[in-house]
Amino acid sequence: MSLITLFLSLLLTQLDLVVVERAFFVMGTILEFELYCENKKSCNDAVFEAYSEVKRLDDMLSNYKPDSDLSKLNSVAGKRAVVVPEEFFDITRRSIYFSRITNGAFDITVGELVRLWKESESKNVIPDENTVKKIVSECVGFDKIMLYPRERKVFFNSSCLSIDFGGIGKGYAVDRVVGILRERGIRRGIVNFGGNIYAMGSPVGKSAWRIGIRDPWNKDKVISYIEISDMAVSTSGDYERYFEIKGRRFSHIIDPRSGFPVSGVHSVTVLAKSATEVDALSTAISVMGIEKGAEFVDRLSSVGVMMVAGDSKSALVYRNDAFKKFELNHALNNP
Ligand code: ADP
Ligand code: MG
């Protein structure tokens, strides 16, 4: 086959691709697919398998389902060690790794704090500092999780510690979904799981997927576009999910060291190769804030970050070089 005919036949097979869009509600949020496939059936089958995989993960990692492996482990905190599935062990180990590299800004042991703030919201009272401090010292801290790799057992060194995978689970699920889609031969598409996005390949005829990053003060506005291919991007923000107590808004991201919801940074977008990594890091950098967050990402190579702080009239936008490389343009000025 000559090069030209090879090129033409490649182009023709690409033009033949169909686009399938599907959305599901799972893990408390929306899982969206936009995929290019050879035919509708192959796309639908892949989407169904991917969705089943996310449901399987939810059955393992959910803290709402009393039968999940997570709930079972949380329920015997401080009492006994539990044998967990290999994958569960692995996610826990990776979560602890992110705690280590972020100096505890990311910490899956925030469970009891999340519970306290939810309860405070329903009672409409801001919790008093002593209660918060007590929980932080007694029930929080990744160093209270004991891992026994040989037996695949987990033990909590505290009877009130509880794990919450809310800051990493969706990213992990996206990596699994992308693995399944690739196994099924899908090379082009977008997976968006509640703001945790993976861009596979590119749309036909283009070199990358264009993704808009939302203005934290105006849902309908985009403050920046990035163009990425075979990369993950995650945005953590305080504008979509938050608590409200006495008319005051609190972020759903909590600083595990103080026990209080973070404030100051409104949105953090992280770009890298793995969806698990960008999910954990966007949560962690939201805790660190602009200054410490910028210092932190300086030490990581090939992780792009954009942070938005300040207020709608004088926004403070920080972007590192690794982020700018993928950026198309930006509507806000960088002071
Ligand atoms: P979203 O769910 O909006 O994508 P994140 O990925 O930032 O947001 O995760 C926030 C969730 O993670 C919270 O709802 C809570 O369950 C959990 N969480 C809160 N603070 C932390 C933290 N410092 N480290 C790890 N997980 C956290
Ligand atoms: Mg996260």
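Select Asp-164 and ligand 1. A polar side-chain atom of Asp-164 lies 2.8 Å from an oxygen atom of the ligand. Keep in mind throughout that this is a predicted model.

**Stop 1: around ligand 1**

How much of ligand 1 does the protein bury? Taken alone, ligand 1 exposes 570 Å², and the protein buries 95% of that.

Next, show the whole shell. It holds 18 residues. The closest are Lys-170, Ser-236, Arg-241, Ile-254 and Thr-283. Colour the shell by class: 8 residues are nonpolar, 5 are polar and 5 are charged. Then highlight helix α8, residues 275–298. This helix gives the largest share of the shell, 3 residues.

**Stop 2: aromatic pairs**

The structure holds 8 aromatic pairs. Start with Phe-98 and Phe-106. Their ring centres are 6.4 Å apart and their planes meet at 75°, so the pair is edge-to-face; the cut-off for that label is over 60 degrees.

Move to Trp-117 and Phe-260. This aromatic pair is edge-to-face too, with 5.5 Å from centre to centre and 65° between the planes. Trace the chain between the two residues. The pair links distant parts of the chain, 143 residues apart. Trp-117 sits in helix α5, residues 111–123. Phe-260 sits in the loop between β12 (248–251) and β13 (265–272).

Check the accessibility of each partner. Trp-117 is buried, with a relative accessible area of 0%. Phe-260 is partly exposed, at 26%. The partly exposed label applies because 26% lies between the 20% and 50% cut-offs.

Before moving on, select Phe-24, Phe-33 and Tyr-51. These three residues form one aromatic cluster.

**Stop 3: Asp-215**

Go to strand β8, residues 209–215, and select Asp-215. What is the relative accessible area of Asp-215? It is 7%, so Asp-215 is buried.

Now show the contacts of Asp-215. Leaving out residues up to four places away in sequence, Asp-215 touches Lys-221, Val-222 and Ile-223.

**Stop 4: two positive phi angles**

Select Asp-230. It is not a glycine, yet its phi is positive, about 50°. Where is Asp-230 found? Look in the loop between β9 (218–228) and β10 (231–237). Asp-230 counts as partly exposed, at 29% relative accessibility.

Finish at Lys-246. This residue also has a positive phi of about 50° although it is not a glycine. Its place is in the loop between β11 (242–245) and β12. Lys-246 counts as exposed, at 56% relative accessibility.

Methods
Residues numbered from 1 in each chain as written. Chains lettered and ligands numbered in written order. Predicted model: local features only at pLDDT ≥ 70, side-chain atom pairs only at ≥ 80, totals over all residues. Heavy atoms only, no water. Phe/Tyr/Trp six-rings, centres within 6.5 Å; stacked < 30°, edge-to-face > 60°. Helix = DSSP H or I, 4+ residues; strand = E, 2+ residues; numbered from the N terminus. Buried < 20%, exposed > 50% of the residue type's maximum accessible area, 1.4 Å probe, protein only. Near = heavy atom within 4 Å. Polar contact = N/O pair within 3.5 Å; in protein donor to acceptor, adjacent residues only side chain to side chain. Areas by Shrake-Rupley, 256 points an atom, 1.4 Å probe, with all protein chains shown as cover. Nonpolar A, V, L, I, M, F, W, Y, C, P; charged D, E, K, R; others polar. Contact = heavy atoms within 4.5 Å.
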